Amino acid sequence: MDLSIIIVNYNSNQLVIDCIRSIYKETSKLEFEIIIVDNHSQEENPRSILEEFPDVNLFITDDNLGFGYANNLGITRAKGTYILLLNSDTLILDAALDKCIEFMRSDFSIQNNIGLMGCKLLNGDKSYQHSIFHNASMTSLIVNSNPILFQFFGKKLSFSGGVCSQFVAGVSGAFMLFRSDVFKKIKPFDPDIFMYSEETDLCRNRVSRVSKIYYWDGAEIVHFGGGSSSNTKWQDIQAIVSFGLVTYKNNIGKFFIFIGSCILNTFTYLLLFPVYLYKKDRTPQRKLIQYWGLFRHLKKIVQYDRKWGSNPKPLRVNI
């Protein structure tokens, strides 16, 4: 088996069906399996996917324990030499999977010990979607998150034209192609993280210790984004709470610096609120709601055991 493709589904049957159609249409050189892990969908019956694709392996969880937990279930069942974690809200373009596996088998990939790669992600309108990250200092994170500090000390980056192939610290969870033997050396996603930041935690704290991570612009897919959730408020709060939990579990000192920067940012946005209001810019409202959600869940974060996967359930926000 060349490739195992793992797709996590949560009330997004049509997106999954469209994604699978694109896989079959654009993949001709590989022997592959598709594993769908349904995260306890309540609004749709995931078994309806099997009506069009009876050969797909479908696993339904008893509870929604998050993106990382569901992917971990798929990884344990994967039989392929390579494992692709693919978001449900994606479409494969122009033989992208054939090309990516060919790249992973290349001398360049083998000689450089590339264990994880990402490809070029496009928005629904085919514009470039930023999908990589590099190691950033806590100072840069503080500066970039504060509107006043950013104006004086921040570095504005433009990704409108995309970026070239390069070694990176991590890639987007929408498309993560692994050599399967990587998971024989490391633990997969931390199941304590419900959603968001789980891929950065995996890349920085585990994958990077055993192999290189590479972004390759030689293949493209479409990633629509937000396919399984339309609640922007919930997404914003879950994202910052998950980031806080990852920081807390990995470096207690940086966690307190992070919380201090969030307090500073809260006062900054309150100070600048009239300016943004005059410009009809709703950024302060969104940011203040996000920080409110973080502070509201702060007690839960510090109650978590800091060891990998040592808590009974992931930290999921409630609003």
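Reader: What relative accessible area does Ser 208 have, and why does this residue count as partly exposed?
Author: The model is a predicted one, in which local features need pLDDT of at least 70 and side-chain atom pairs count only at pLDDT 80 or more, whereas totals for chains, interfaces and linings use all residues. Residues are numbered from 1 along each chain as its sequence is written, and side-chain values use heavy atoms, with hydrogens and water left out. A residue is buried under 20% relative accessible area, exposed over 50% and partly exposed in between (1.4 Å probe, protein chains only). Ser 208 has a relative accessible area of 40%, so this residue is partly exposed.

Reader: Where is Ser 208 found? With which residues is Ser 208 in contact, leaving aside its neighbours within four places in sequence?
Author: Ser 208 belongs to helix 7; helices (H or I, at least four residues) and strands (E, at least two) are DSSP runs numbered from the N terminus. Contact means heavy atoms within 4.5 Å. With neighbours within four places in sequence set aside, Ser 208 is in contact with Cys 203 and Ile 213. The C-alpha atoms of Ser 208 and Ile 114 are separated by 9.7 Å, and these residues lie 94 residues apart along the chain.

Reader: Why is the pair of Phe 103 and Tyr 214 called stacked?
Author: A pair of aromatic rings is described by the distance of the centres and the angle of the planes. Rings of Phe, Tyr and Trp (its six-membered ring) pair if their centres lie within 6.5 Å; planes under 30 degrees apart count as stacked, over 60 as edge-to-face and the rest as tilted. The structure holds 16 aromatic pairs. For Phe 103 and Tyr 214 the centres are 5.4 Å apart and the planes stand at 20 degrees, so the pair is stacked. This pair links distant parts of the chain, with Phe 103 in helix 3 (residues 96–104) and Tyr 214 in strand 12 (residues 212–223), 111 residues apart.

Reader: What makes the pair of Phe 167 and Tyr 214 edge-to-face?
Author: The ring centres of Phe 167 and Tyr 214 are 4.8 Å apart and the planes are at 75 degrees, so the pair is edge-to-face. Here too distant parts of the chain are linked: Phe 167 lies in strand 9 (residues 166–167) and Tyr 214 in strand 12, 47 residues apart. Ring pairs link Phe 103, Phe 108, Phe 167, Tyr 214 and Trp 216 into a cluster.

Reader: How do you know whether Tyr 214 is buried or exposed? Which relative accessible area does Phe 167 have?
Author: Tyr 214 has 8% relative accessibility, and therefore counts as buried. Phe 167 has a relative accessible area of 35%, and so is partly exposed.

Reader: What lies over the face of Phe 167?
Author: Lys 212 lies over the face of Phe 167, at 5.3 Å from the ring centre. A charge sits over a ring if NZ of Lys or CZ of Arg is within 6 Å of the ring centre and within 35 degrees of the ring normal. Elsewhere, Arg 306 lies over the face of Tyr 248, at 5.7 Å from the ring centre.

Reader: What is stated about the phi of Asp 94, and what about that of Ala 95?
Author: Most residues other than glycine have a negative phi. Asp 94 has a positive phi of about 45 degrees although it is not a glycine, and Ala 95 has a positive phi of about 55 degrees, again without being a glycine. Asp 94 lies in the loop between strand 5 (90–92) and helix 3, and Ala 95 is found in that loop as well. With a relative accessible area of 53%, Asp 94 is exposed, whereas Ala 95, at 21%, counts as partly exposed.

Reader: How do you know that Ser 131 counts as buried?
Author: Ser 131 has 6% relative accessibility, and so counts as buried. Ser 131 lies in the loop between strand 7 (128–129) and strand 8 (132–133). Beyond its neighbours within four places in sequence, its contacts include Cys 119, Gly 170 and Tyr 215.
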